[in-house]
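Hi,

Here is the structure I promised to send over. Have a look at it first, and then read my notes below.

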Amino acid sequence: MTKILVIEDEESVRENIVELLDTEGFEAISAKNGRIGLSLAQKELPDLILCDVRMPELDGYGVLTGLRSEPKTAAIPFIFLTAKAAKTDLSLGLELGANAYITKPFTLVEVLDRIEETLLHAPAQAAPIEIR
């Protein structure tokens, strides 16, 4: 079963995504902030991570930087789910190594499509893909 870590500080958003993933047959685990999420990723080694950018204790950019700096977590596919929609935010996220960047509001279909695409192409993916 594919394990997906959801790192999101807004409880209702986190719970909705986890419920969706569970319904779709994924093993969903979650964290309410970046510090907990980074620790959980290092312990659980999920198949994919969905992460907000703006969070307490450690933002999503810090989470991604921490993951990419450790050999055992460096290749985990990573998708930002965020309200930060400026081109500079998108560029920074992709430059840090995110596989995709989805801006809020998003549909659950968009999230599922991007998860499927990322999991399918992550090992051979040459360049990150943007969703707008």
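Helices (H or I, at least four residues) and strands (E, at least two) are DSSP runs here, numbered from the N terminus. On that basis the chain has five helices and six strands. Going along the sequence, they come in the order β-α-β-α-β-α-β-α-β-α-β.

A bit of housekeeping before the rest. This is a predicted model, where local features need pLDDT of at least 70 and side-chain atom pairs count only at pLDDT 80 or more, while totals for chains, interfaces and linings use all residues. Residues are numbered from 1 along each chain as its sequence is written, and side-chain values use heavy atoms, with hydrogens and water left out.

**Overall shape**

The C-alpha trace spans about 30 × 30 × 30 Å along its principal axes.

Buried means under 20% relative accessible area, exposed over 50%, and partly exposed in between (1.4 Å probe, protein chains only). By that cut-off, 48% of the 132 residues are buried. A contact is heavy atoms within 4.5 Å; of the contacts with a separation of 6 or more, 61% are between residues 24 or more positions apart.

For charges, Lys and Arg count as positive and Asp and Glu as negative, with His and the chain ends not counted. The place of a charge is NZ of Lys, CZ of Arg, CG of Asp or CD of Glu. That gives 13 positive and 22 negative side chains, with the centres of the two sets 5 Å apart.

**Helix H3**

What does H3 pack against? The helix covers residues 60-68, and its buried residues are Gly 60, Tyr 61, Val 63, Leu 64, Gly 66 and Leu 67. These pack against strands S1 (3-7), S3 (48-51), S4 (78-82) and S5 (100-103), plus helices H2 (34-44) and H4 (87-95).

Lys 3 sits in strand S1. Is this lysine buried or exposed? Lys 3 counts as buried because its relative accessibility is 15%. Leaving out residues up to four places away in sequence, Lys 3 touches Glu 27, Ile 29, Glu 44, Pro 46, Asp 47 and Leu 48. Lys 87, 84 residues from Lys 3 in sequence, is 30 Å away in space, C-alpha to C-alpha.

Ala 86 is in the loop between S4 and H4 and is partly exposed, with a relative accessible area of 36%. From Ala 86 to Glu 24 is 62 residues in sequence and 31 Å in space, C-alpha to C-alpha.

Most residues other than glycine have a negative phi, and most peptide bonds are trans. A few spots here are worth a look. Leu 45, in the loop between H2 and S3, has a positive phi of about 45° and is partly exposed at 41% relative accessibility. Glu 57, in the loop between S3 and H3, has a phi near 75° and counts as exposed, at 56%. The peptide bond from Lys 104 to Pro 105 is cis, with omega near 0°; Pro 105 is in the loop between S5 and helix H5 (108-121).

Cheers
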